[in-house]
Amino acid sequence: TRIKGNYRYEIAELATTINYMAQEIVRSNQIKDDFISSISHELRTPLTSIKGWSETLVSGGYDPEETKLGMGIISKESDRLIGLVEEILDFSKLQQNEMKLSIGIVDMKVLLQETILNVWAKAEKKRIHLLLECDDAVFVKGDANRLKQVFLNLVDNAIKFSHEDSSIVLTVQSLSNQEVAIIVRDSGIGISEAHLAKVRDRFFQVDALNGGTGLGLAITQQIVELHNGRIEMHSELGKGTQVTVILPLATEQALV
Ligand code: ADP
């Protein structure tokens, strides 16, 4: 009652803001906790397998065939660990605004051809057909390695969530003199509307339903944004997913 007039409203408003901020802190802490627990789980799986196989091999008495099998698994699981650690490091660099791009002129047609070659063997295992629709050379100003990482991640997801004997199509479309759209389309399992909303949401991008860290798309989106581009995602459960990456074209001056 000693607080008079407008002050009373201001204090009420302040209390609402503080309350909202407190809720946000609790929410973001919860997201971090979930994130750490899913990352730890992802790191643990390959480590358990490496430890199991190395102990078995050390104990000896295995024929060359079994030894070869064990070594193969150790090598594959180590690659998976390296990949995970690289993802975590990339994500943390992006969070701290410390990812440095090495900018050059990138021919997207060549980059997409290389991407397809890189994942060819993986697609072949599921008899998935990879197609590139691109007429002319398209030039973008950017970091070739980072852009490759973007499309490798998208095509990798498309393969992971596609059925056997299906097709994945990469289409390059000029939108104007200034922008190009690169569409990665699969006819796989698709994403439900509720999950797609989560995947789109910046915080919840670190969210994986099917195991995995869920870091892939978060990193992909941020690399595209560092190139002044954007990503659009459309999906229908049971029908497939379409991810469109829109990037600014290199200007005429940059090309000479
Ligand atoms: P991760 O790095 O764990 O693979 P991503 O960030 O790349 O995670 O993807 C997050 C989630 O989005 C996946 O776990 C999956 O549920 C869904 N997703 C991504 N791409 C596709 C796709 N092409 N088809 C169906 N689901 C997808």
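Me: How are helices and strands assigned and numbered here?

Reply: Helices (H or I, at least four residues) and strands (E, at least two) are DSSP runs, numbered from the N terminus. Thr244, for instance, lies in strand 7 (residues 240–248). The model is predicted: local features need pLDDT of at least 70, side-chain atom pairs count only at pLDDT 80 or more, and totals for chains, interfaces and linings use all residues. Residues are numbered from 1 along each chain as its sequence is written, and side-chain values use heavy atoms, with hydrogens and water left out.

Me: Is Thr244 buried or exposed?

Reply: Buried means under 20% relative accessible area, exposed over 50%, and partly exposed in between (1.4 Å probe, protein chains only). With a relative accessible area of 8%, Thr244 is buried.

Me: Which residues is Thr244 in contact with, leaving aside its neighbours within four places in sequence?

Reply: Contact means heavy atoms within 4.5 Å. With those neighbours left aside, Thr244 is in contact with Ala181, Ile182 and Ile183, and also with Arg230, Ile231 and Glu232.

Me: What is a nonpolar core, and which residues in the largest one touch the most other members?

Reply: In soluble globular proteins, nonpolar side chains tend to be buried together. A nonpolar core is a set of buried Ala, Val, Leu, Ile, Met, Phe, Trp, Tyr and Cys residues joined through side-chain atoms within 4.5 Å. The largest one here has 43 residues, of which Met108, Phe151, Leu154, Ile168, Ile182, Val184 and Leu247 touch the most other members. Helix 4 gives the most to this core, with 7 residues.

Me: What does Val184 touch, not counting residues up to four places away in sequence?

Reply: Among the residues touched by Val184 on that count are Phe151, Leu154, Val155, Ala158 and Ile168, as well as Thr241, Gln242 and Val243.

Me: What counts as a salt bridge, and how many are there by this rule?

Reply: A salt bridge is a side-chain nitrogen of Lys or Arg within 4 Å of a carboxyl oxygen of Asp or Glu. By this rule the count is 10 salt bridges. Glu24 and Arg27 form one of them, their closest N and O atoms being 3.7 Å apart. These two residues are 3 residues apart in helix 1 (residues 5–59), so about one helical turn separates them. Glu24 is partly exposed at 30% relative accessible area, and Arg27 is partly exposed at 32%.

Me: What does the salt bridge between Glu179 and Arg230 tie together?

Reply: The closest N and O atoms of Glu179 and Arg230 are 2.9 Å apart. Glu179 lies in strand 5 (residues 179–186) and Arg230 in strand 6 (residues 230–236), so the pair ties together parts 51 residues apart in sequence. Separately, Arg127, Glu164 and Asp165 are linked in a network of salt bridges.

Me: What is the phi of Asn97, and where is Asn97 found?

Reply: Most residues other than glycine have a negative phi. Asn97 has a positive phi of about 60 degrees although it is not a glycine. Asn97 sits in the loop between helix 2 (64–95) and strand 1 (104–107) and is exposed, at 64% relative accessible area. Asn228 also has a positive phi of about 60 degrees without being a glycine.
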